[in-house]
Amino acid sequence: MAASRARKAAVPVNVICGPLGVGKTTCINHLLDLRPDHERWAVLVNEYGLVGLDAALMGAAAAGERTSSGGVEVKEVAGGCICCSAGVVFEVSLVSLLRRRPDRLLIEPTGLAAVSGILDTLDRDGIRASVDVRTVVCLIDPANREAALQREIVRDQVEAADVLLANRADLATPEQLGDFFSWARGLFPPKRSVEGIEQGRVPLEVLDLVSGRRGKAHRGGHRHGTDHRHHQAHNHGQEDDSEGHHEHSHSRDQGEASASAPVVRREHRSASFSTLGWVCSGDLTLDGAQVSGWVREAARLPNVIRVKAAVRTSQGWLGYNFSAGDGEAGGEVKPSCHRRDSRLEMIVEGEGCYPDADALEAKLRACVLDPAPT
């Protein structure tokens with residue numbers, strides 16, 4: 001009887017994972033649109049970069065709804081993957097949300113995070129009894145499946161998932177879809193479901209396909225720290241070249257935008273994946289055509305694998321979501337519900353060709369309209 005009461009009290013938790021740019025945020029926006037009116041949901045979003053954009057790209061279902069009687073609460077953990085370097089912040093944010101007793105919690109890890117580490121956190125003493133880990137969903141783009149699986153992190157996400165979904169199935173060739181299903185249905189242990197979806201439209205019932213687990217959720221074999229050999233290109237006026245030390249200092253630009261510093265740069269450099277981004281004061285308006293060109297140009301730079309932005313433009317507040325290879329007609333541009341400030345960020349793979357941050361910032365500043373139109 002006591003165990004039954006504990007199970008009823010546990011908060012249903014779903015993890016929505018997948019490689020960078022596969023459409024996780026779009027998927028969660030769709031699920032939020034399907035949320036029953038009487039339920040309060042929470043979303044815990046993780047970003048590898050320091051700017052923090054995924055919460056800003058959440059749709060209208062999440063915007064402004066912070067009431068105790070209904071709606072959606074969104075919390076963001078930026079500055080590393082929540083399985084490793086941002087793990088402490090993740091745990092604190094997780095506990096904070098669980099104390100509010102939402103009817104469901106969705107966790108969206110960065111595409112560079114191992115789901116196994118997240119599941120380990122959910123299984124810790126003090127948390128385990130408060131959560132009911134339900135379906136772990138992994139999205140895969142069938143057109144990019146082979147390239148994505150070259151990364152250990154993605155293999156971890158696939159192994160941990162209960163359900164594999166071929167997102168953007170409408171954009172894949174019949175051969176790509178056939179290869180995806182042959183591969184996914186041949187995995188062991190077998191998945192509970194393997195399906196194709198379009199535009200992130202995950203059926204609501206998928207979230208409860210797995211519930212009341214007996215024992216631990218399945219985990220991959222991620223080696224923590226794989227993608228987090230941090231090296232910042234800035235410091236506080238002192239150097240530390242000793243081997244094995246974790247160089248992670250912050251430049252004068254690290255911080256929030258303000259009237260005295262309306263454009264702030266945030267950087268994180270690593271041997272595997274680096275991030276470069278900017279936060280602009282909400283008082284600034286950027287030329288819509290120019291900033292769209294800036295985003296598209298950034299997405300075509302060597303080694304840049306992802307560009308995201310939420311910007312106050314002359315055409316209104318717009319959200320941008322681009323992956324490597326998106327041409328002039330590619331990527332996603334749509335109205336954004338974000339209203340606090342403008343944020344732009346790119347993820348760079350490897351050390352060989354880091355973008356010219358000063359040149360990019362100069363072009364970004366040139367997008368600012370002066371005076372801002374009213």
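In which strand is Thr135 found? I looked it up: Thr135 is found in strand β5.

**Ground rules.** I am working on a predicted model, where local features need pLDDT of at least 70, side-chain atom pairs count only at pLDDT 80 or more, and totals for chains, interfaces and linings use all residues. Residues are numbered from 1 along each chain as its sequence is written, and side-chain values use heavy atoms, with hydrogens and water left out. Helices (H or I, at least four residues) and strands (E, at least two) are DSSP runs, numbered from the N terminus.

**Thr135.** I checked accessibility next. Thr135 has 0% relative accessibility and so counts as buried (under 20% relative accessible area with a 1.4 Å probe, protein chains only; exposed is over 50%, partly exposed in between). I then listed its contacts (heavy atoms within 4.5 Å).

**Parallel sheet.** I traced an open sheet of 7 strands in the order β3-β2-β4-β1-β5-β6-β7, with parallel pairing (two strands pair if DSSP finds at least two bridges between them). β3 (71–77) and β7 (193–196) stand at the edges with a single partner strand each, so one side of each is left without a neighbour in the sheet. Neighbouring strands are turned by 20° on average, direction ignored (axes are lines fitted to C-alpha atoms, for helices over the stretch in contact; angles run from 0 to 180 degrees between N-to-C directions). Helix α2 (residues 24–34) packs on this sheet, and its direction makes about 165° with that of β4. I also followed β1 (residues 11–17) to β4 (residues 104–108): 3 bridges, parallel. Val13 has Leu105 as its bridge partner in β4.

**Antiparallel sheet.** I found an open sheet of 6 strands, ordered β8-β9-β13-β10-β11-β12, with antiparallel pairing. β8 (263–268) and β12 are its edges, each with a single partner strand. Its neighbouring strands are turned by 10° on average, direction ignored. α8 packs on the sheet, its direction at about 170° to that of β10.

**Helix α8.** Helix α8 (residues 288–299) has 12 residues and reaches 17 Å from first C-alpha to last, close to the 16 Å expected (1.5 Å times one less than the number of residues). Its buried residues include Val291, Trp294 and Val295. Asp287 caps the N-terminal end: a side-chain oxygen lies 3.2 Å from the backbone nitrogen of Ala289.

Key. A polar contact is a pair of N or O atoms within 3.5 Å; within protein, one must be able to donate a hydrogen and the other to accept it, and residues adjacent in sequence count only if both atoms are side-chain atoms.
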